[in-house]
Amino acid sequence: MNSGVEDAGELTAPREWQYCSGCKPQGACRVGLVRWLEEDGSVSGRITFGKDVEGGPGVIHGGYAAVVFDELLGTATTGPAGVPVAVTKSLTVHYRRPIPIEQPIVLRAWRVRTLDRDMFIDGEMRLASSDALLATAESVFTAVTDRHFQRHKEWLAQQRPA
Ligand SMILES: CC(C)(COP(=O)(O)OP(=O)(O)OC[C@H]1O[C@@H](n2cnc3c(N)ncnc32)[C@H](O)[C@@H]1OP(=O)(O)O)[C@@H](O)C(=O)NCCC(=O)NCCSC(=O)Cc1ccccc1
């Protein structure tokens with residue numbers, strides 16, 4: 001998927017914050033999302049989906065909206081001060097209008113509340129030209145430590161066929 005990958009050189013956030021582990025080596029978000037932190041702690045982003053993610057005629061396959069929300073909402077858990085250390089516990093996407101390809105789209109994500117390790121993050125996606133609301137998202141991200149990834153590895157090792 002190579003939807004309008006943009007040069008992130010203008011952005012001030014550290015590289016660790018800009019890209020997930022999969023995209024860090026190539027130095028570009030593979031879904032083409034560019035994002036930045038706002039002064040109020042929310043996260044904004046922009047993307048132009050390409051024809052390669054077309055589902056219906058002229059519109060994206062909805063799963064890509066979920067990918068983009070997961071990525072953007074996940075970064076709203078920490079801000080650029082630290083590498084994201086939260087995993088997605090739940091993500092609900094409300095598809096309000098068909099999401100066009102080849103048209104600039106703007107996004108926002110903000111933290112609604114925190115309860116113990118759970119951070120409730122909401123987001124929205126709008127058409128840049130008209131500000132039309134295309135989709136909204138509600139999510140819960142759970143803060144984790146290195147122990148989580150160790151546990152993850154141990155659990156995965158047990159799943160291998162004997
Ligand atoms: C952490 C939590 C969400 C909640 O757990 P907790 O609050 O701690 O609750 P609890 O301890 O009750 O556990 C409940 C059940 O889960 C099991 N368990 C817990 N931890 C582990 C473990 N480490 N490994 C294996 N199993 C584990 C545990 O044994 C228990 O099992 P049981 O019910 O007794 O049989 C957990 O369910 C989980 O890891 N889910 C998967 C999350 C996930 O993969 N998300 C997507 C990828 S992240 C992403 O994409 C974000 C991103 C965005 C942008 C860029 C980059 C990244």
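How much accessible surface does the protein have, and what share of it belongs to carbon and sulfur atoms? The accessible surface comes to about 9200 Å², and 52% of it belongs to carbon and sulfur atoms. Accessible areas come from the Shrake-Rupley method with a 1.4 Å probe, and for residues only the protein chains shown count as cover.

## Basis of the model

This is a predicted model, in which local features need pLDDT of at least 70, side-chain atom pairs count only at pLDDT 80 or more, and totals for chains, interfaces and linings use all residues. Residues are numbered from 1 along each chain as its sequence is written, and side-chain values use heavy atoms, with hydrogens and water left out.

## Overall fold

The protein has three helices and six strands. Helices (H or I, at least four residues) and strands (E, at least two) are DSSP runs, numbered from the N terminus. Along the sequence these elements follow the pattern α-β-β-α-β-β-β-β-α.

Of the 162 residues, 37% count as buried. Buried means under 20% relative accessible area, exposed means over 50%, and partly exposed is in between, with a 1.4 Å probe and protein chains only. Contact means heavy atoms within 4.5 Å. Among contacts between residues at least 6 apart in sequence, 62% join residues at least 24 apart.

## Strand pairing

Two strands pair if DSSP finds at least two bridges between them. Strand β2 (residues 43–47) and strand β4 (residues 105–115) run antiparallel and are joined by five bridges. In this pairing Arg 46 stands opposite Val 106 of β4.

β4 also pairs with strand β5 (residues 118–127), in the antiparallel sense and over 10 bridges. Here Ala 109 is opposite Gly 123 of β5. The two strands β4 and β5 form a hairpin with two residues between them. In a regular strand, side chains alternate between the two faces of the sheet.

## Ligand surroundings

A residue is near a molecule if one of its heavy atoms lies within 4 Å of it. The residues around the ligand are Cys 20, Asp 70, Glu 71, Val 87, Thr 88, Lys 89, Arg 117, Thr 142, His 148, Arg 151, His 152 and Trp 155. Three elements, α2 (62–75), β3 (86–95) and α3 (146–159), each supply at least two residues of this shell. α3 gives the largest share, four residues.

By class, the shell has five charged, four polar and three nonpolar residues. Ala, Val, Leu, Ile, Met, Phe, Trp, Tyr, Cys and Pro count as nonpolar, Asp, Glu, Lys and Arg as charged, and the others, Gly among them, as polar.

Which protein atoms lie 3.0 Å and 3.4 Å from nitrogen atoms of the ligand? A backbone N or O atom of Thr 88 is 3.0 Å from a ligand nitrogen, and a polar backbone atom of His 152 is 3.4 Å from a ligand nitrogen. A polar side-chain atom of Arg 117 lies 3.3 Å from an oxygen atom of the ligand. The protein covers 50% of the 1100 Å² of accessible area that the ligand has on its own.

Thr 142, part of the ligand shell, lies in strand β6 (residues 133–143). Thr 142 is buried, with a relative accessible area of 9%. Its side chain makes a polar contact of 2.8 Å with the side chain of Asp 118. A polar contact is a pair of N or O atoms within 3.5 Å; within protein, one must be able to donate a hydrogen and the other to accept it, and residues adjacent in sequence count only if both atoms are side-chain atoms. Leaving aside neighbours within four places in sequence, Thr 142 is in contact with residues including Val 87, Lys 89 and Arg 117.

Ser 44 is in strand β2 and is buried, at 6% relative accessible area. A polar contact of 2.5 Å links the side chains of Ser 44 and Glu 38. Not counting residues up to four places away in sequence, Ser 44 touches Val 34, Arg 35, Trp 36, Glu 38, Leu 72, Leu 107 and Arg 108.

## Loop residues with positive phi

Asp 116 is in the loop between β4 and β5. Its phi is near 50°, a positive value in a residue other than glycine. Buried or exposed? Asp 116 is exposed, with a relative accessible area of 76%.

Asp 131 lies in the loop between β5 and β6. Asp 131 is not a glycine, yet has a positive phi of about 70°. At 46% relative accessibility, Asp 131 counts as partly exposed.
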